[in-house]
Each structure stands twice: as structure tokens, then as C-alpha cells.
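Have the sequence and the 3D view ready.

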Amino acid sequence: MKSLKKGYRLISEQIMLLVIIVAIVIVMTFASPYFLTFNNITNIIQYISVYGITAIGMTMVILTGGINLSVGGTLALSSWFAAFLMLRGVPWFAALLAALAVGALVGAINGVAVSAIGIPPLIATLALEQITRGLHLVLSKGKPLYGLPEGFLSVGAGRIGPVPMSVVWTILLFVLFALFLSHTTLGRTIYAVGGNPTATKIAGVNNRKIIMLVYVVTGMLCSFAGLVLIARLDSCPVSIANKLDMSAITGCVIGGCSVTCGGKGKLFGTFLGIIIMGLIQNALDLLNVSAYYQQFIQGLVILLAVTLDAMKSKDVWGGLKRKKVGKAA
Amino acid sequence: MDNQNNIIEMNHIVKKFSDNVVLNNVSFHLRKGEVHSLMGANGAGKSTLIKILNGLYNYDEGEILYNGKQAEINKVEDAEKLGIAFVHQELNICPDLSVAENIFVGNLRKNKWGVFDKAQTIKEAQDLIDMVQVDMKATDIVRNLRAAEKQIIEILKALTMDAGILVLDEPTSSLNEKEKEIFIGIVNRLKAQGVSIIFISHFIEDVLLLSDRITVLKDGVNNGVFEAGQITKDELITAMMGKKAEVRKRNSEKLAKDTPVVMELKNLSSEYKFENIDLKIQKGSIIGVCGLLGAGKTEIARAIMGIDKFDSGEILLDGEKIHKVTPEIMMKKQVAIVTEDRKTEGFVPMMSIRENSSLSIMKNFANKLGILDFDKQKNYADELSRKMTVKMSSVEQEVGSLSGGNQQKVIIGRCVASNPKVFLLDEPTRGVDVLAKSEIYKILLEMAAKGVAVLIFSSELEELLEVCDEIVILKKGKIVGRVSTEELDKNTLMAKIS
């Protein structure tokens, strides 16, 4: 009974998202005969897995009150390293670790810039996006890499029965990190740091360490998403993960992460947000909407989601601010 | 009474916050061209009265007259239209702009093309500066100016709005003696030009020096209007505090002289905030630190905890010097703090009581992998909340939705649970109702009895006298005395700090 209640509470917060998903599915089933086919569903899920894995990190960054625009560059650079090493004959497992190390390094630079130096996350990660993208172009000389080893492809792009490996990895990581955020001291501290950094610092928490850790882990998740992506593509293209940052942020915000104040958002919400984003993308493809409009529509969706968030946040903090005016001197 | 001369009349104002009557039938009259001071202890209703005049608060009963005519002041713009200008204690300046640009901010002079006219702005600003005869150039960059000069910019800013009435809120608290002289000169010159001034201050000497008349509020009632020349400092204190200041002593055995010192501050200094603070705190003692606004109470508390840095000096715990003072390290060394600004620094508003109250000690509820045991955490929060008598629906309630007093109890509970050796509290009972106050003090007394050294930084003199063993008196960032509460009563303490 108790767990049933708990389950209801968990879902009730996300009920709107579920309704939206169901609505899109119903509309699309009628609008396109191809929508509800096995191939298309697999297609959607594979499409969102890369965004999903990245959005896990993005959710944590947003929870601390930050933002990360360097996810695309991090993914590009680290997956190029992985592909390059594998093509040079380095065992794919070692190449995978190297990619994760590159992601961690970029994340660490982000972390230092944001927490130790105090650069606003928006600017710091924007700079890192340029640096990593640029470095990727320099190293790859603007050429894609092909022909990744079999072992790697089977882990990254194989199937367990009918289920693609990318889906397995995505769901596994979502569950793991959802438990991490809700059930561990570190996870809860991430929420606290975002919810009120000053209070948390005064309570004895080293905020800088926490923020640092979040950016490092986010970098590694980007690398992981990159590995899944190059395995599926069997190549590392130059324009890999273009606009990844926007898609991941859109998913997080649709899912209820607040970019106006930290400490608010759940991974389950992000998961549903990413699905909605994937469905919209797929719907636009199936309905033959031109790519120009697609970008326009994605922009509209994110603006709408952020507007709703800002209006809700105003209620939470506006109430407090009003009281603050009335503080007796 | 000659009502012809009154530019502002606030008559029979009643203001309630739910059931709490903050102003009870208060009248306040301001004559044209006078300096009228408003005094009273904390919570007497000064700021409420002024916020009503400013349009920040509505009032429940009474009337406000402007030049004898009924005036509707429902929002800040209404007050501005009547030429009432407020100079707040906090400075609202842009440090990297010039004096002229700061004075005319939002109202910069334009030429006929609608383009910013720098020369004109500077010229008008310089005229204003010359009028008050201060040694300052309109082209100076504000960052390089002294505190007094910045304060003067705030006043000049008010004057550009053709203010006939100027409300100065604690304008002298950050000024040194010399700066104060400049300030007094300006006030007198403004007065001579017919500006009416309401002066709010805790500094009795400044009030006596500057005012024509003084209105004293006490517990939400007008306790008398005095001509400044006809009242002494002691009489004024009595009017503010009441004659029979009842002093109840802390009901515990006196600390033995040889009780070990748990914390020592040596020569702690921070520029413009406090200097040469030397303090030894014994185990199990309750020390009050008192002083007026700007005396450095909050600054010292924050420096000890490492929230703000200090320039020089040492902090010793159990005789051992702390090399790097940060909240994280001080917390590990068992020092806890309840800061003054509860709303922005005390708690995480969207998190539950359970999580907030265990924020400092979350590790205690987790296994080696850091996985939390929610039941254990909940039981702890339940017990703590019961002990702290927090009024709540359950420990899952968000702290942001609790009342102020209950929020404060959650914060204090969190600190208590971290098992401190030294417990710093900055204005712990501000905005807290009487019942919660006594509960909070009860807990502090219990902690002291167990050997915790408690430092209360407060301007609530009555309460300090009630719970503390000793009181350290601060004035302008320096310790000017340390007195046992047995040798003190409220009026002498008030005289010492002001």
C-alpha cells in the first residue's frame, strides 16, 4: 500500500509528460502508417539514446544551478580519440577508457573554470565547446574515420534479442543515476548545492568539490554517449553530435529541470522529456517537415518549456522575496 | 498644536500582521524644514511605520495627510510623487560609474536629440555637490570614494527627484567621526533649504545632535515626542526601553574560573569591518556579543566560521591554530553557525525538513557506499523536530513552506545535531515569535550545560541579559568592554553600546 502511494506520487509529478507522450503517439499513429512499426520505434529509441545519456549529465549540471554547452564538443573529441586509437590497433577496451578519460578531462576543465575560478557556467562551457570542437577539427583534419573493430561494434551497436545495445545502455544508466541522485549522500548534496548554495556551504559542504565532480561525470557521460553513437554509425563523422547541447537541454527542461533556480528536477522527468523530444523529431521527419522548420520548432519547444519553468519558479521564490521585503529591520 | 506647518501627518495608524499588532494607534507628524528622529528598540515598529510611508506596506486603520490633505500612498510610486525620497542604509550604487552618472542614474540628462548629454549631467551634478559643499568631483569614479562620500551620493540622488521630504535610514552607522561631521553639515544645509528630514538611527548621540524633535516608539505605541534640546540621553533610553527593565538571570551555576578555553580569537582584523578582536571563550559559557548596526557583530561571526575572509589574526580551537578557515573545515572542527539571513542562507527551501535537518551529517545515515537509509534519517528528523517543537505536517514538508520561527528551529536543530563544541548564532530570534524564542533559548541553555560554548550575536539586549553569562560590547568594529550580566541592566547596556 505504502509503495503504491509512493509510486503514485512519483508518477503524479510526471503525469503531464505521460499524457503528452500518449497524445503524440495517438496522433502520429493516425497521421503516418509507418509510425507504429517496429523499425520506426527502434529508430526513435536509438536516436534518443545519445541525447538521453548526455541529458543525464546535463540534468545533474542543471541541478547544481549550472548549464553545460560543451557536451557536443566533448562527445566529438572523445569519440574521435576512441575511433583513432581503435583504427591504430589499440584494443577497443583501452580506447574506450581513453575516451572516458578525455571526457573526464574536459569536464574537469569545466569544473575548475566554474567552481574554482568562478566563471559563469554558460560562458565557461561555451568556450570549452569551441575549444573541443576546434581541437576535433584540427586532429581529424576535417576527415571522418571509418571501419571500427567488430568487438566494439557488438558491444555498442549489437542487440540483445530484439533490443539494441544503445537502449540497454541508456536505460541502465538512467536507472543507475536516478538511484544515485535520490538515494545517496552525494546525490542529495547535489540537490542541496543547487537549491541553496550559501546555506549548503554554511552547513559544511564543500560546494566546489561537488560541482567539480558533476562536471567531470558529465564529461564522462558525454564520452559514453559518443561511444554508443560511433558504434551505431560505424564511423566518426566531422559534424558528429551537432546541436547536442540544445537537444539535451530541451529534454531536461521539458522533463521539469529548472534552469531558473537549481535543485529542481528528476531524472525520470528528463527521461520522459527526452522521449517527447525524440517523438517530436520523429513526427517532423515522418510528416516531411523541412529541416529549416525543424530547428525553428525545436527552438519554440524549448522557449515554451523554459517559460513554463520560469513562471513556476516565480511562485516558489517570488513568495520568499515578497516576505523578505517585509523583514523587520 | 500648530498643524499648519506639518508637511506629513500620519494619524492613528494601526498595522497588524495577522493577529500581531505591530503599530497600535501611532501618530507621527513631520513639520516643514525640521529634522525629526524616529527611535525605538528592535521590533518597536520604526521600520514598519516608515515602510507604510514608503508605500511598501498598507495600513489597516488611520490616515496620512500631505500638506493637510488626505494622501493615498499605496505603492512606492505614490510616495515618490509626493516628493518623499528614501536613503537606505545599504548603498545602491554602480561602483564603476562616475559620481555624476550615479547621481542621475535612471534620469540622465539628454540633449535635444535625446542623446545622453555628458557635459550637462556633470554640470548639474557638480552644482548639487557644490550646494552641499563636499570635496568631491562629479567626474570621480565611485569605487575610489570613501563610505561617507558614497552615502552622500545616495542623498544627492534623492535630491535630484526634487524631494521635499528625505528619509534617512541609519545613515551614520558606517561613518567615522570625521565623515560624520561632513554628513551633519549636509543635513543642516538641506534643512536650511527647507527640506524636511526623517532620521532613523540607533545612535543616540547623533540623534540628539541632529534632531529638532524626536519621536520614540515602544512596542508599537508612540511613547512620546520630545524636543531634542530638552531631553537627556538617559531620559531617551528610558523612553525607548521602559523604566523597569526587568532582568532575569540565567539560572545556572557560575562557570569556574579554570574551565578550559575552547575557542580563542587573537587579534582578528578585517579592514572596514572589525579590528583587533581578542576573545577567549570557555567551555559551557554563553557569551552575548552586542553592538549597534554596523558594529561588526555579523562580520565577526561570519569570519570565525570562514564564510567571509579576514585579513589578519588567528582563530584557535582547543589551543590549536586553524590554518585554513572555511565552513567545511570549521564544521569538521565542530563549530556551527546560524546566520542572520535565514531566508537566503539558512536552508534549502525546496527540500524537506528531513533532508534539511540532516544536511550537515548526512553521512551518518548512509552505508559505506554512500547509500542513504531513509528510515534512519526520517526517525532522526522526527525526533529532532519533536525536541525542537517544530510545527509541521510531517518531516517531509518543505522547509520553505514553514513559518519563520519553525524554519529557524529546523536550522538550529541541524546545528545541534552536528554536535558542535562552539555554536555561533547571529540574531537567532529575529522574526521569531515569543514562544519559539523561549524554546530556542531553552535549547541553548541545555547545550551550554553539556559544555558547548555558545556565542550569541544579537541586538536584542533584553534577551542577551536573560541568557548570557557575559556580554561583549562592540562599537565600530572594536571590543569596548566585556561585562558579566550580573553587573548590567538594559539601560546601562544601551548606554554603553550607543
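## A hairpin to start with

In chain B, B:Thr215 stands opposite B:Val225 in strand 10. Helices (H or I, at least four residues) and strands (E, at least two) are DSSP runs, counted from the N terminus, and two strands pair if DSSP finds at least two bridges between them. Strand 9 (residues 213-218) of chain B is joined to strand 10 of chain B by five bridges, and the two run antiparallel. Another facing couple is B:Leu217 and B:Asn222, the latter in strand 10 of chain B.

Strand 9 and strand 10 of chain B make a hairpin with two residues between them, and B:Asp219 in the turn has a positive phi of about 50°.

## Before going further

This is a predicted model, where local features need pLDDT of at least 70, side-chain atom pairs count only at pLDDT 80 or more, and totals for chains, interfaces and linings use all residues. Residues are numbered from 1 along each chain as its sequence is written, while chains are lettered from A and ligands numbered from 1 in the order in which they are written.

## The six-stranded sheet

In chain B, six strands form an open sheet in the order 6-7-8-3-9-10, with mixed pairing. Strand 6 (84-87) and strand 10 (221-227) of chain B are at the edges with a single partner strand each, so one side of each has no neighbour in the sheet. From one strand to the next, the twist averages 20°. Here angles run from 0 to 180 degrees between N-to-C directions, and axes are lines fitted to C-alpha atoms, for helices over the stretch in contact.

Helix 8 (residues 233-241) of chain B packs on this sheet, touching strand 3 (35-39), strand 9 and strand 10 of chain B. The direction of helix 8 makes about 35° with that of strand 9 of chain B. Which way do strand 3 and strand 9 of chain B run? They run parallel, joined by four bridges. B:Ser37 stands opposite B:Ile214 in strand 9 of chain B.

## Another sheet, another hairpin

Chain B also has an open sheet of four strands, in the order 12-11-14-15, and here the pairing is antiparallel. Its edges are strand 12 (274-282) and strand 15 (320-321) of chain B; each has a single partner strand, so one side of each is left without a neighbour in the sheet. Strand 11 (residues 261-270) and strand 12 of chain B are antiparallel and joined by six bridges. B:Ser270 has B:Phe274 in strand 12 of chain B as its bridge partner.

Further along chain B, six bridges join strand 19 (residues 470-475) to strand 20 (residues 478-484), which run antiparallel. The bridge partner of B:Ile471 is B:Val483 in strand 20 of chain B. These two strands form a hairpin with two residues between them, and B:Lys476 in the turn has a positive phi of about 50°.

## Helices side by side

Now for helix pairs. In chain B, the axes of helix 5 (residues 147-160) and helix 6 (residues 177-192) come within 9 Å and cross at roughly 20°. That makes helix 5 of chain B roughly parallel to helix 6 of chain B; angles under 35 degrees count as roughly parallel, over 145 as roughly antiparallel, 65 to 115 as roughly perpendicular and the rest as oblique. By class, their contact has seven nonpolar, one polar and one charged residues. (Ala, Val, Leu, Ile, Met, Phe, Trp, Tyr, Cys and Pro count as nonpolar, Asp, Glu, Lys and Arg as charged, and the others, Gly among them, as polar.) Two residues are in contact if their C-beta atoms, placed from the backbone, lie within 7 Å.

In chain A, helix 2 (residues 38-63) and helix 10 (residues 207-233) pack at about 175°, with axes 8 Å apart. That makes helix 2 of chain A roughly antiparallel to helix 10 of chain A. Their contact has 15 nonpolar, five polar and one charged residues.

## Where the chains meet

How many residues does each chain bring to the contact? Chain B gives 30 residues and chain A gives 28 residues. Helix 10 (327-332) and helix 11 (342-345) of chain B each supply at least two residues of the side of chain B that touches chain A. By class, that side of chain B has 15 nonpolar, nine polar and six charged residues.
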